[in-house]
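The stops below are meant to be taken in order.

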Amino acid sequence: MFKQILVALLLFSMITISVLAVSTNDLEKTPTISSAGVSWTAREAAEANDWYSVAYGNGLFVAVANNGEHRVMTSPDGLTWTARAAAEQNNWWAVTYGNGLFVAVARNGANRVMTSPDGINWTARKAAAAKYWVAVTYGNGIFVAVALNGGVMTSTDGITWTTRVAAEANQWNSVTYGNGLFVAVALKGAQRVMTSPDGITWTARKAASTNYWRCVTYGNGTFVAVAENGTRRVMTSTDGINWTPRYADGANGWNSVSYGNGLFAAVAYDGNDSVMTSPDGITWTAKPTEKKSWYCVTYANGKFVAVAPDGVMTSP
């Protein structure tokens, strides 16, 4: 009897140890939850330039500036940056990636477009018109750029551009693509939203309010735009046509908004808490960050990356 009891105890101990070992391994293999958008860390830019836009493509973050010796910088991870030579010394205002190509647009210069297959070597391209090109996006097989002085241009390859007629001659400041629709927002004008299914034919839409709408993005079935002024500095739309005003978390000059990791993240050019995040574009929460004039934010490769004059920050 004693031997039977002893054997039973030994078997129980072995089973317990085995279960504990399996449990420990399972815990070690449990994936960690991403903290993108929660905490933000300052990074060093490649040069002390006014970095105005950042995009991601082909395993690389690319930022462009409107001044400085090297007006492009690149990073594989958003943490360490390398200065690159722009095609021309223009005021480069925006950059995007699509169809294997980085495309940047400028407010001035002889050639107000430049392209690069790798983000490192850039070629100057002629814009469709000598306008203040300040935003560019890619969707549905076409690049679309908008101008601060009322213009639209499109290109299927980023090289040859064609002028299009904007819905109104407004100060168009941002354009995005989502759910089969291009949506642009404006700083000024009667109708401060316009939409297009193809980037060629545009229709004016009424914004939620007459704010200076700085940026628009698309994520999780919702268009979200942010403004630098107004009582309610966010507006949302599920179709790009009908817009609803929302309250931002802070009366900051919200400059840019992006979506990733199940969150919208917006950055501002002023204010103490110059980042705010939202899971739905409706309810926003401010986040403490380094106080800089943050111009642009994007999401890719598991992190948010924002750029400012002489500054970069990432989350996580």
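Select strand β12 (residues 152-155) together with β13: the two run antiparallel and are joined by 3 bridges. Strands and helices here are DSSP runs numbered from the N terminus, with at least two residues (E) for a strand and at least four (H or I) for a helix, and two strands pair if DSSP finds at least two bridges between them. Within this pair, V152 stands opposite R164 of β13.

This is a predicted model, in which local features need pLDDT of at least 70 and side-chain atom pairs count only at pLDDT 80 or more, while totals for chains, interfaces and linings use all residues. Residues are numbered from 1 along each chain as its sequence is written, and side-chain values use heavy atoms, with hydrogens and water left out.

Now widen the selection to the sheet. It is an open sheet of 4 strands in the order β10-β11-β12-β13, with antiparallel pairing. β10 (133-139) and β13 (162-164) are the edge strands with a single partner strand each, so one side of each has no neighbour in the sheet. From one strand to the next, the twist averages 25 degrees (axes are lines fitted to C-alpha atoms, for helices over the stretch in contact, and angles run from 0 to 180 degrees between N-to-C directions).

Go next to β2, β3, β4 and β5. They form an open sheet of 4 strands, ordered β2-β3-β4-β5 and paired antiparallel. At its edges are β2 (51-57) and β5 (82-84), each with a single partner strand, so one side of each is left without a neighbour in the sheet. Here the twist averages 25 degrees from one strand to the next. Inside the sheet, strand β3 (residues 60-65) and strand β4 (residues 72-75) pair in the antiparallel sense over 4 bridges; the bridge partner of V62 in β4 is T74.

Show the side chain of S116, in strand β8 (residues 113-116). S116 has a relative accessible area of 0% and is therefore buried (buried means under 20% relative accessible area, exposed over 50%, and partly exposed in between, with a 1.4 Å probe and protein chains only). Its side chain makes a polar contact of 2.9 Å with the side chain of D118, and the side chain of S116 also reaches the backbone oxygen of N121 at 2.8 Å. A polar contact is a pair of N or O atoms within 3.5 Å; within protein, one must be able to donate a hydrogen and the other to accept it, and residues adjacent in sequence count only if both atoms are side-chain atoms. Leaving aside residues up to four places away in sequence, S116 touches L101, F102, N121 and W122, contact being heavy atoms within 4.5 Å.

Then select S196, in strand β16 (residues 193-196). S196 has 0% relative accessibility and so counts as buried. The side chains of S196 and D198 are joined by a polar contact of 3.0 Å, and the side chain of S196 reaches the backbone oxygen of T201 at 2.8 Å. Not counting residues up to four places away in sequence, S196 touches L181, F182, T201 and W202.

Move on to β19. Of its 6 residues, 6 are buried: T222, V224 and V226 point one way, and F223, A225 and A227 the other way. β18 and β19 run antiparallel and are joined by 6 bridges, with T217 opposite V224. Their hairpin has 2 residues between the strands, and N220 takes a positive phi near 55 degrees there. On to β20, which is joined to β19 by 4 bridges, again antiparallel; V224 stands opposite T236. This hairpin has 6 residues between its strands, and G230 in the turn has a positive phi of about 105 degrees.

Which residue forms a salt bridge with E228? R214 does, the closest N and O atoms being 2.6 Å apart (a salt bridge is a side-chain nitrogen of Lys or Arg within 4 Å of a carboxyl oxygen of Asp or Glu). E228 lies in the loop between β19 (222-227) and β20 (234-237) and R214 in strand β18 (residues 213-219), so the pair ties together parts 14 residues apart in sequence. Both E228 and R214 are buried. A search of the whole structure finds 1 salt bridge.

Finish with W40, Y299 and F304, which form one aromatic cluster (rings of Phe, Tyr and Trp, the last by its six-membered ring, pair if their centres lie within 6.5 Å; planes under 30 degrees apart count as stacked, over 60 as edge-to-face and the rest as tilted).
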